[in-house]
Amino acid sequence: MTVGQLWTALLTLTRKEASRVLRIWPQTLVPPVVTTSLYFVIFGSLIGSRIGSMGGRQYMDFIVPGLVMMAVITNSYANVSSSFFSAKFQRNVEEMLVSPMPSAIILLGYVLGGVLRGLAVGVVVAIVALLFSNVTVVNWPLSIVMMLGTSVLFSLAGFFNALFARTFDDISIIPTFVLTPLTYLGGVFFSITLLPDFWQSIARINPILYMIDGFRLGVLGTSDIDVRLSIVVVLTFITVMFVADLVLLKRGYRLRS
Amino acid sequence: MNKALSIRGLRKTYHNGVEALKGIDLEVDAGDFFALLGPNGAGKSTTIGVVVSLINKTAGSVKVFGVDIDQDFSRAKSLIAVVPQEFNFNMFEKVEQIILNQAGYYGIPRTQARSRCERFLRQLGLWEKRHDVARELSGGMKRRLMIARALVHQPKLLILDEPTAGVDIELRASMWTFLRQINAEGVTIILTTHYLEEAENLCRNIAIINHGELVEHTNMQQLLHRLQHQTVILDLATPQTALPEVTQWQWVLTDPETLEVEVDRTIGLSPVFSTLEHHHIRVLSMRNKSNRLETLFLGLVGSNVKNNNKEEV
Ligand SMILES: Nc1ncnc2c1ncn2[C@@H]1O[C@H](COP(=O)(O)OP(=O)(O)O)[C@@H](O)[C@H]1O
Ligand SMILES: [Mg+2]
């Protein structure tokens, strides 16, 4: 295919993914707004007022970056895993497999779809957050890089999950039993400096910690970890996931018999 | 002559150990209307799956208009289109969207895709349904949607896997007309079917596959001729040197005491025997010349009845 044709193919797939997000907006865009509002009301207003400050900030302000990241992570992941798995399940993935569109474009198209939804929800949650707190972003470039990188990474991870999945259960197991716990333990609601030394070093194994911390540095200007390390972690995971996805997709793993 | 498809030594063993293809050699001329006929489970869909890259082959080679799928898969894919046996579109997407997306995957710009989409949807009687969600279409419409989708990138080779299974007679006839027209415009067509009638109506050449092996690879006329005729072998009581002149059937002495007779089924054997009797040639015994094809077809007819009940769409 020529560059122009590749571009058309990528545009088509991305547009399709984007319109899917909008078509099923009650499932994709509304729930995050409801859950985050609840978090703000309960943790921020009701409980937060008793906690006082965290990481040198009002508790309400402290949790804003973590909640935005949580929304980005879950939605990027869910979008790609459910969209690609349902293409497998309904077999319309064959439309792409028989076409000359290269595997890399297929992967990229789905990732862009995941990023669109991740960022859309992230922005919506951030807007909701402004109603409850008075956070102003300290470092826009860093915030954007962390948010975008995290969204790309979890879109790739969602794709990986969908490649392996044989049933719809298979795409809900990882988010429920791995992603959610890791996100909670990744410092959405607390600074890891509160943990005893031993548990702090355990917590540092969790990659999500680095993403939330890096983003928090961008938004609030405070962090527990060297930001360069956070960026390295995100880039490394993106590279590993991208290669893994691409190799499996090219081989037609669980796609071609 | 230029080959649209050339398959050599194709083998496929599935993960579960089923040997679906046991070394297939198949050639289809450019411009042909070709039938791949065989009973259920013969390996038709597997063959097609390999050609269109939905199934990984175990061994062998496949060339599409001279392009080896192992060397330039992308180019080979852009020449082929497939209408699979099972529906494989997103049921929640709109008819028009399904076709435009497919065009996009082939790198066709949106404006060009729109005009082709309109043309094929109109030709296939789906234009009024373009804003409907695929799930809401009838079985026959869904199948026509897959045909429109397959044509949108203007393939040179169109492969249809049992396109009329479960489609009612009226619709089947209009689909046949449409396919003939596409073929007349220069598109090579291969279709699989287990209805001999369908192959007979549409196709010039035919291959018959059974248990993962090609049983026949011939043209339609020859095949029909052979199915229409039966051959019997007669052992004669006395050696003969010459035979009476006949016009209604053909016969030949394979040796002085053995007579091979090929006769149209509608004529039957009675006139043969009366002629022999008239010339005082006595027959000791008679046997059928074994005919694999015939046995297979009896099987095909039998399985058709079953399938008609099963394959409601
Ligand atoms: N995905 C698969 N895994 C294992 N066996 C399969 C698979 N698909 C088809 N088969 C087997 O391969 C053989 C050929 O099947 P198929 O090509 O679908 O036949 P046809 O299309 O002629 O009915 C059958 O025995 C079938 O059960
Ligand atoms: Mg089949």
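1. Which backbone N or O atom lies 3.0 Å from an oxygen atom of ligand 1? That atom belongs to Gly43(B). A backbone N or O atom of Lys44(B) is 2.8 Å from an oxygen atom of ligand 1. On the side-chain part, an N or O atom of Tyr14(B) is 3.4 Å from a nitrogen atom of the ligand. The cut-off for such polar contacts is a pair of N or O atoms within 3.5 Å. Of the 560 Å² that ligand 1 exposes when taken alone, the protein buries 66% (Shrake-Rupley method, 1.4 Å probe).

2. The model is predicted, with local features needing pLDDT of at least 70 and side-chain atom pairs pLDDT 80 or more, while totals for chains, interfaces and linings use all residues. Residues are numbered from 1 along each chain, chains are lettered from A and ligands numbered from 1 in the order written, and side-chain values use heavy atoms, without hydrogens and water.

3. The residues around ligand 1 include Asn16(B), Val18(B), Pro39(B) and Thr46(B) (a heavy atom within 4 Å). By class, this shell has five nonpolar, six polar and one charged residues, with Gly counted as polar and Lys as charged. Helix H1 of chain B, residues 44–51, gives the most to the shell, with three residues (a DSSP run of H or I, at least four residues).

4. Chain B is assigned domain 1 (3–224) and domain 2 (228–292), from an automatic or database assignment. Their C-alpha centres lie 44 Å apart.

Notes. Polar contact = N/O pair within 3.5 Å; in protein donor to acceptor, adjacent residues only side chain to side chain. Helix = DSSP H or I, 4+ residues; strand = E, 2+ residues; numbered from the N terminus.
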